[in-house]
Amino acid sequence: MENNINKIFHMDCIEFMKNMKDQVDYIITDIPYDVVSRETGGIRIFDKKEADEITFDIKDFCELAKKVTKKDIFIFCSSEQVTELFENLKDKYNVKLAIWKKNNPSPVNGQHFWLSGIECCVVASKREISDTDLIWEFPSGRSKDHPTEKPSKLLEHIITKFTEEGDIIYDPCSGSGSHLLAAKKHNRIYIGTEAFENYFKLMLSRGLNG
């Protein structure tokens, strides 16, 4: 594990987790929703291109995540993915649904309102987490670098609320590196993997170590 800490890797997360010899403390990630991308959604354009294309089987992902994680798993996901994640994590964890409630949602056509107003995060924990700690109200950001990047204040809240300094946080789908930057800022050890070269290079440019 010493050779992996505070580093990012340009590789598939499934292959990376298969070869991990040691466990991390937490997984905090934002998997591709696989439903958001479309040419147009009416008021807004929803095409997220490769950032929203899931490249792995969720069951395989969950099995490996359980194997490599000592403590809790946080997975931002689409509402369509919630049930499958619950089913594949509940054998070893207490699984709950956290909600990110955006206090500045972008206007969208009504049938896709959930894409704008709230987002889901499946939380799998071996401890009991209060439901009141799983409602997160933060404004959404407007990243020019990555179409699905979560705002830093939200990620910093999760990291400081649920983890401790020195904990190892792994993000299998690192994207622009926002989760890892929040971990680094608050003295957590980070490990990240990203399959797409353009986003891996973006993380390098943001000061994360490859």
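Asn-6 is partly exposed, with a relative accessible area of 31%. On this scale, buried means under 20% relative accessible area, exposed means over 50%, and partly exposed lies in between (1.4 Å probe, protein chains only). The model is predicted, so local features need pLDDT of at least 70 and side-chain atom pairs count only at pLDDT 80 or more, while totals for chains, interfaces and linings use all residues. Residues are numbered from 1 along each chain as its sequence is written, and side-chain values use heavy atoms, with hydrogens and water left out.

Asn-6 lies in the segment before β1. Its phi is near 55°, a positive value in a residue other than glycine. Helices (H or I, at least four residues) and strands (E, at least two) are DSSP runs, numbered from the N terminus.

Asn-187 also has a positive phi, of about 60°, although it is not a glycine. Asn-187 is found in the loop between α6 and β8 (189–193). At 47% relative accessibility, Asn-187 counts as partly exposed.

## The sheet

An open sheet is formed by 8 strands in the order β1-β8-β7-β2-β3-β5-β4-β6, and the pairing is mixed. Two strands pair if DSSP finds at least two bridges between them. The edge strands, β1 and β6 (135–137), each pair on one side only. On average, neighbouring strands of this sheet are turned by 20° against each other, direction ignored. Axes here are lines fitted to C-alpha atoms, for helices over the stretch in contact, and angles run from 0 to 180 degrees between N-to-C directions.

Helix α5 (residues 152–162) packs on the sheet and touches β2, β3, β4, β6 and β7 (168–171). Contact means heavy atoms within 4.5 Å. The direction of α5 makes about 160° with that of β3.

In strand β3 (residues 73–77), 5 of the 5 residues are buried, so the strand is largely enclosed by the rest of the structure. Ile-73, Ile-75 and Cys-77 point one way from β3, whereas Phe-74 and Phe-76 point the other way.

Strand β2 (residues 26–30) runs parallel to β3 and is joined to it by 4 bridges. Ile-28 stands opposite Phe-74 in this pairing. With strand β5 (residues 118–125), β3 pairs in the antiparallel sense over 5 bridges. There, Ala-124 in β5 is the bridge partner of Ile-73.

Strand β4 (residues 94–101) is joined to β5 by 8 bridges, and the two run antiparallel. Ala-98 stands opposite Cys-121 in β5.

Glu-119 lies in strand β5. At 11% relative accessibility, Glu-119 counts as buried. Not counting residues up to four places away in sequence, Glu-119 touches Tyr-33, Ala-98, Ile-99, Trp-100, Lys-102 and Lys-150. The side chains of Glu-119 and Lys-150 are joined by a polar contact of 3.3 Å. A polar contact is a pair of N or O atoms within 3.5 Å; within protein, one must be able to donate a hydrogen and the other to accept it, and residues adjacent in sequence count only if both atoms are side-chain atoms.

In helix α7 (residues 197–205), the buried residues are Tyr-199, Phe-200, Leu-202 and Met-203. Seen down the axis of α7, these residues fall within an arc of 155°, so they line one face of the helix. The arc is that of the directions from the helix axis to the C-beta atoms. What covers the buried residues of α7 includes β1 (7–9) and α6 (178–185). Just after α7, Gly-207 takes a positive phi of about 95°.

Helix α6 has its own buried residues: Ser-178, His-179, Leu-180, Ala-182 and Ala-183. Asn-187, described above, follows α6.

## Cysteines

A disulfide is a covalent bond between the sulfur atoms of two cysteines. Here it is defined as a pair of cysteine sulfur atoms within 2.5 Å. The structure holds 0 disulfides.

Cys-13 is in no disulfide, and the nearest cysteine sulfur, that of Cys-173, is 4.5 Å away. Cys-13 is buried, with a relative accessible area of 5%. Cys-77 is in no disulfide either; the nearest cysteine sulfur belongs to Cys-120 and is 5.6 Å away. Cys-77 is buried, with a relative accessible area of 1%.
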